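Subject: The structure for you to look at

Hi there,

Here is the structure I promised to pass on. Have it open while you read, and my notes follow below.

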Amino acid sequence: MRIAFFFLPLAVLLPVLNCEISLNGAGIHAEHDTNGRYRFRLQRKNHKNVKRRSPTLLFSNESHVVRMDDHRTISYKGPVYIGTPPKRFDVVFDTGSSDLWVFSEASRASSRHYLKTYDKTKSSSYDPWTRTEFTISYGIGHCRGDTLRETVSLGGVVVTSQIMGEATTYSSNFDTEDNPTDGILGLGFQGASKMNGDNVVANMKKQGLIENSTFSFILGGDPSADGEDGSFLLIGPPDWNYVHDNKITYVDVNPGGMWGVTLNSVLIDGKDYGYCGDSGCSALPDTGTSMIVVPLAYWEHFSSKITKGRNDCKKINSGIFCTEGTEGLPTFSLVFGRSVFHLEPKQYMLSGEVLGFMPSNFESWILGDTFLKNVYTVFNMDNRTVGFAHTRSTGVWHEPYPILNALRTIFFYLAMLLVTASVILALWGPLKRCCMPGARSMSETLGLSDAASPRGIAERRGGYSQVSRESIPEDGNRLGMSGGGHRLGSRDENNNL
C-alpha cells in the first residue's frame, strides 16, 4: 500500500507526459466518432540528403490511409485509382475547384516518362456517357478534354459512375518534371463544376458509402523538415485527437459553388489596417493554391507592412523575397468570428527566401497551403460550413524540441509501468484474502522475509503495519502505538516518552 501511494502521483503526471509539445499554441479539434470514417495520411516528399523519421500518428483505429507527397510544402498530392483494373494517378486534392481530371493517353503527356495517362481502351468500366468537351481555367493554367464516367477508388472507397475528364490539351505549368502531377481532384460543390457533376466525396455519400460528406486536412508545415510530417486527408467527421483546444470555429459558406467564407479581419502584428472593412471580406480556403493570395487593391500597403524595417526584402509582382531570414518580420493573423489564427514569420516563410504571400486580381483573399498547413481545416458539405482549429503536432514543425519529445515518451511509458505495478501491489492483499486464501504473501512471493523487517514490524493481512507482541523488549521499553498500528515512539527507563 505504501508503494501504491508512492507511485500514485505519477498517474496525475500522465496527461502532462502524454501531451504534444507544440509551437505557438498549435493544436486541433473535432467530433470523435470512428464510425464511417476514412483517413488519408499524407507523407511528405523528402529532399535530397534528408534523414527520414516516422510521423506522429494520433489515431490507433483502422484507417483508410493514402500516402501523399508534398513538394516543399507548396504543393500536396496523393493517389487516386481510376478504371478497371484500377490504375494509380497522383493528383492534387483541390478545394478550389470541383472536377476530377487526369491526362489522356491521347495527349502529349503520354510521351513524358514522369506522367501517367488514362487509356479508356484498357478499362472495362469506361462509360463514354454523353462524351462532351470540358474546359477549365485555373488561377494559373488551364486544360481541355472530354468527359466520361468511370470507377474511382479513393482510399479503398470505390465510387462507380464518377463523372470525370481526360485532358487532351493543357498548359505547360502542369507539365513539370520537378513536381509531376497527373491531374486534379476537385473537392468543391457541383455549382462550380465545369462538367456538371458531383465530386468524389459527395458521390460517396450518395452511393451510401459514407454517412457524412465531410472531409478535413492536416498538411505538413515545415519546408525544411527532416522526414515525414504525418499529413493526411480525413474523410468523415473530424477527429478530436487533432484539436488542441477542443474548439473548431465554423464559418458558413457563402452562396455559390466554392468554399468561400467571410473573413472578419486581417492583422499584422495585431493591428487591423481595414483590409476587410466593418462587414468582413471574402476568403477561399484553397488546398490547390500554394500561397496566401492578397487582392491587388491591398498588395502595396500590405507588402510594405509585412516588410517594414527590413531593407533586404524585395517586393516584386509575384511576391516577396527576404534574404536575411525571418528575424524582425511581423506576426500575420486571420480572424474568423471571435477566433484568431496567428502565423509567426517562420510559419509563413517558404523554402529559401520566399514569403508565402502573392498578389492577384481576385477580389477574394485566397488562403492557400501557407495558411492551411498551420491549421486543421474541416469542410462540411452537408451543412455548408468550413471549420478552422489550431492544430496539434503533425511533425517536426510543431515539435521543435525532438529531444524533449523523446524524453517525454520514455517517461510516459515508464510512468505507465510504475503505475501498473503500484495498482497490482495495492490490490494484491484484497485479492489474496478474497480469492486466494492459501496464497503466500507478496513479500514471500517476491522472496522477502518478514523477519528482515526492522524492530519486528510484520505485515498484517490487508497490507497494514502493526507491532507484534514478540517485538516488545523485556527491559520495559515500549513502543507507543496509534489506533491504526503506526509506530509513534518509545519510552525511556522512567516510562516517559
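First, a definition for what follows: a residue is called buried when its relative accessible area is under 20%, exposed when it is over 50%, and partly exposed in between (1.4 Å probe, protein chains only). Please keep in mind that this is a predicted model, in which local features need pLDDT of at least 70 and side-chain atom pairs count only at pLDDT 80 or more, while totals for chains, interfaces and linings use all residues. Residues are numbered from 1 along each chain as its sequence is written, and side-chain values use heavy atoms, with hydrogens and water left out.

**The chain as a whole**

If we take contacts (heavy atoms within 4.5 Å) between residues at least 6 apart in sequence, 69% of them join residues at least 24 apart.

Is Ser98 buried or exposed? Its relative accessibility is 3%, so Ser98 counts as buried. Ser98 sits in the loop between strand 4 and strand 5 (100-103). Leaving aside residues up to four places away in sequence, Ser98 touches Gly186, Leu187, Gly188, Phe189, Ala192, Ser193, Asn199 and Gly257. From Ser98 to Lys194 is 96 residues in sequence, yet 7.7 Å in space, C-alpha to C-alpha.

A cavity here is a set of points, on a 1 Å grid over the protein atoms alone, where a 1.4 Å probe fits but cannot get out, and lining residues have an atom within 4 Å of a point. The search of the whole structure finds one cavity of 30 Å³ or more, and the largest cavity holds about 30 Å³ of space. For that volume, grid points are joined across faces, edges and corners, and the space counted is what is filled by probe spheres set on the points. By residue type, the lining divides into three nonpolar, four polar and two charged. In that scheme Ala, Val, Leu, Ile, Met, Phe, Trp, Tyr, Cys and Pro are nonpolar, Asp, Glu, Lys and Arg are charged, and the others, Gly among them, are polar.

**Helix 3**

Which residues of helix 3 (residues 296-306) are buried? They are Trp299, Phe302, Ser303 and Ile306. Seen down the axis of helix 3, these buried residues fall within an arc of 100°, so they line one face of the helix; the arc is that of the directions from the helix axis to the C-beta atoms. The face of helix 3 turned away from this buried side carries the exposed residues Ala297 and Glu300. As background, an α-helix has 3.6 residues a turn, so residues three or four places apart point the same way.

Asn212 lies in the loop between helix 2 (200-206) and strand 10 (214-218), and is partly exposed at a relative accessible area of 29%. Asn212 touches Lys205, Pro237 and Asp382, not counting residues up to four places away in sequence. Asn212 and Asp382 are 170 residues apart in sequence and 7.0 Å apart in space, C-alpha to C-alpha. Ile210 is in the loop between helix 2 and strand 10 as well, but with 6% relative accessibility Ile210 counts as buried.

**Backbone details**

Most residues other than glycine have a negative phi, and most peptide bonds are trans. Ser161, in strand 8 (residues 157-170), has a positive phi of about 55° although it is not a glycine. Asp269 has a positive phi too, near 50°, and is exposed at 55% relative accessible area. The peptide bond from Thr84 to Pro85 is cis, with omega near 0°.

Best wishes

Methods: Helices (H or I, at least four residues) and strands (E, at least two) are DSSP runs, numbered from the N terminus. On a 1 Å grid over the protein atoms alone, a cavity is a set of points where a 1.4 Å probe fits but cannot get out, and a pocket is an open set with protein on both sides within 12 Å along at least five of seven lines; lining residues have an atom within 4 Å of a point.
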